[in-house]
Amino acid sequence: MKKSLTIAAIVFGMAAFGTTAYALPALQLGPGTGDWTYIGGGDDTWYTSDDPYNLQALANATQADGGDGDYAWDTDGAIMQYAYLVFTAVPNADSATDLFDIDIFNDGGVTLVDSGFGTPPPEDPNSLSPHSVFPTYYEVYEFRFDDVLEDIWNTEEGESGSGKGYIEDFVVDVLYYDPGVEGIHMDLLTIFQDGKYNPGDFENQFLVKANAPYSHDAQYASPEPIPEPATMLLFGAGLAGLAGMSRRKKK
């Protein structure tokens, strides 16, 4: 009888551990509408070459019994919490100057709060979970999960899990990136303290409260480099000059 109870307890414990509440990271990035492809095999990232493209950020609000970190916020606190999208140049670019130019739209608003070279946030020696895209040029954008509580899912392809949480949609328009840049990688994080990131205010502090695992991030990769607007103007002027020369020759 004891053996049967022990086996039953083990089976129950395995089932409880495998419930959806434990299957969802606190934060995730995932594909919105459009063409996205998930590449696994150690890369484990969603890719798109759409421009503009639609990106989703998800925050888990599911509180598992006894769980301590399976959710970003409770069901009442999300609207008061800030979150941060991080866009980075790939491959690693040793430059603090603008290597890309993007426009981002979100119905609740989104604000550029920091940019530079390194692993953001640079004040935190822990920073984002280490992976090969850093150090590089980055831009950090602030927003809030201010929509209604709804059903969310595991964005990693092939993984299960569902729960309650928040979803924010972003439309990202890539206006330009440097010819040496092959794509733009995206990460998602939240901050300790009061939840708001103020660049330079917290030197040598552990700031990152939660971040999307590397298996739940995303990347934009254009098949062709996008020239700077000034380059396009020069190119257009050159074409106009050639057209004028052609007309003069015909006369």
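Gln-219 is buried, because its relative accessible area is 11% and buried means under 20%, against over 50% for exposed and partly exposed in between (1.4 Å probe, protein chains only). This residue is found in strand β13, which spans residues 217-220; strands are DSSP runs of E with at least two residues, helices are runs of H or I with at least four, and both are numbered from the N terminus. The model is predicted: local features need pLDDT of at least 70 and side-chain atom pairs count only at pLDDT 80 or more, while totals for chains, interfaces and linings use all residues. Residues are numbered from 1 along each chain as its sequence is written, and side-chain values use heavy atoms, with hydrogens and water left out.

Leaving aside neighbours within four places in sequence, Gln-219 is in contact with several residues, among them Trp-36, Tyr-47, Val-90 and His-185; contact means heavy atoms within 4.5 Å. Trp-36 lies 183 residues from Gln-219 in sequence, and their C-alpha atoms are 9.6 Å apart in space.

Ser-95 sits in the loop between β5 (82-90) and β6 (100-105). Ser-95 is also buried, because its relative accessible area is 18%. Beyond its neighbours within four places in sequence, Ser-95 is in contact with Gly-116, Phe-117 and Tyr-137.

The protein chain as a whole has three helices and 13 strands. Of its 251 residues, 44% are buried. Among contacts in the chain with a separation of 6 or more, 74% join residues 24 or more positions apart.
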